[in-house]
Amino acid sequence: MKADIRLATGLAIRDGRVLLVASSYRSHAQPLWNLPGGRVATGELLRDAVVREVAEETGLGASISELAYVSESYDGAQHILNATFAIDVTGSVAPVAGDDHVVAVEWVPIDRLAERISIAVVRDPLVQYLRDRTRYYGFGDAGVTIEWPDES
């Protein structure tokens, strides 16, 4: 059985737009759009993971303002927990060259998020949070399997 996955993502909003990244995965033909973020390393705090991941994926500096929402899902027996933090970002977008799975970074208008993000476990909690500040969203079935870049 695979270990549970802890994710931390950052929600940056500027001028009615949300910062998104497109990542490529072996298990998907097209890149998937998501908030910047990723897996939490062993011994790493959620907030530190967000700051690290935002810098790796976008080149931006990030500071945490608050916990926005938590979402969780199951991919078979594997439990996936994601903490999304509201963040403020500084600097200019410049994806780190060593991050080979991020293929695009874009500020997307809030009213276009639902069409840009194809995966329900990513899209629905974000759209719901922006609509009415719902802080928890759970899925019994993720409906998607991700092969992470370091998995064989």
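Me: Which residues have the most contacts inside the largest nonpolar core, and how many residues does that core have?
Reply: The largest nonpolar core has 22 residues, and those with the most contacts inside it are Leu20, Leu35, Leu113, Ile117, Val121 and Leu126. A nonpolar core is a set of buried Ala, Val, Leu, Ile, Met, Phe, Trp, Tyr and Cys residues joined through side-chain atoms within 4.5 Å. Buried means under 20% relative accessible area, exposed means over 50%, and partly exposed lies in between, with a 1.4 Å probe and protein chains only.

Me: What kind of model is this, and which pLDDT limits apply?
Reply: This is a predicted model, in which local features need pLDDT of at least 70 and side-chain atom pairs count only at pLDDT 80 or more, whereas totals for chains, interfaces and linings use all residues. Residues are numbered from 1 along each chain as its sequence is written, and side-chain values use heavy atoms, with hydrogens and water left out.

Me: Where is the second core, in terms of residues?
Reply: The second core is separate, has 14 residues and includes Ala12, Val50, Phe85 and Val89.

Me: Why would nonpolar side chains be found together?
Reply: In soluble globular proteins, nonpolar side chains tend to be buried together.

Me: Which residues of α3 are buried, and what covers them?
Reply: The buried residues of α3 are Val121, Val122, Arg123, Pro125, Leu126, Gln128 and Tyr129. Their cover includes β1 (5–11), β4, β6, α2 (113–116) and β9 (136–139). Leaving out residues up to four places away in sequence, Val121 touches Ser71, Ser73, Phe139, Ala142 and Val144. Contact here means heavy atoms within 4.5 Å.

Me: What span should α3 have?
Reply: The 13 residues of α3 should span 18 Å at 1.5 Å a residue, and its end C-alpha atoms are 17 Å apart, which agrees. The expected span is 1.5 Å times one less than the number of residues of the helix.

Me: What comes just after α3?
Reply: Arg133 follows, with a positive phi of about 65°, although it is not a glycine. Arg133 is found in the loop between α3 and β9 and is partly exposed, at 45% relative accessibility.

Me: Where is Asp15, and what is its phi?
Reply: Asp15 is in the loop between β2 (13–14) and β3, with a positive phi near 50°. Its relative accessible area is 75%, so Asp15 is exposed.

Me: Is Ser71 buried or exposed, and what does it contact?
Reply: Ser71, in strand β6, is buried at 7% relative accessibility. Apart from neighbours within four places in sequence, Ser71 is in contact with Ile80, Leu81, Asn82, Val121, Pro125 and Tyr137.

Me: And Asn34, what does it contact?
Reply: Beyond its neighbours within four places in sequence, Asn34 is in contact with Leu20, Val21 and Val122. Asn34 is found in strand β4 (residues 32–34) and is partly exposed, with a relative accessible area of 27%.

Me: Changing topic: which strands pair with β1?
Reply: β1 pairs with strand β7 (residues 78–90) in the parallel sense over seven bridges, and with strand β5 (residues 37–39) in the antiparallel sense over three bridges. Pairing requires that DSSP finds at least two bridges between two strands. Leu81 in β7 is the bridge partner of Arg6, while Thr9 stands opposite Gly37 in β5. Six of the seven residues of β1 are buried, so this strand is largely enclosed by the rest of the structure.

Me: How many helices and strands does the protein chain have?
Reply: The protein chain has three helices and nine strands. Along the sequence they follow the pattern β-β-β-β-β-α-β-β-β-α-α-β.

Conventions: Helix = DSSP H or I, 4+ residues; strand = E, 2+ residues; numbered from the N terminus.
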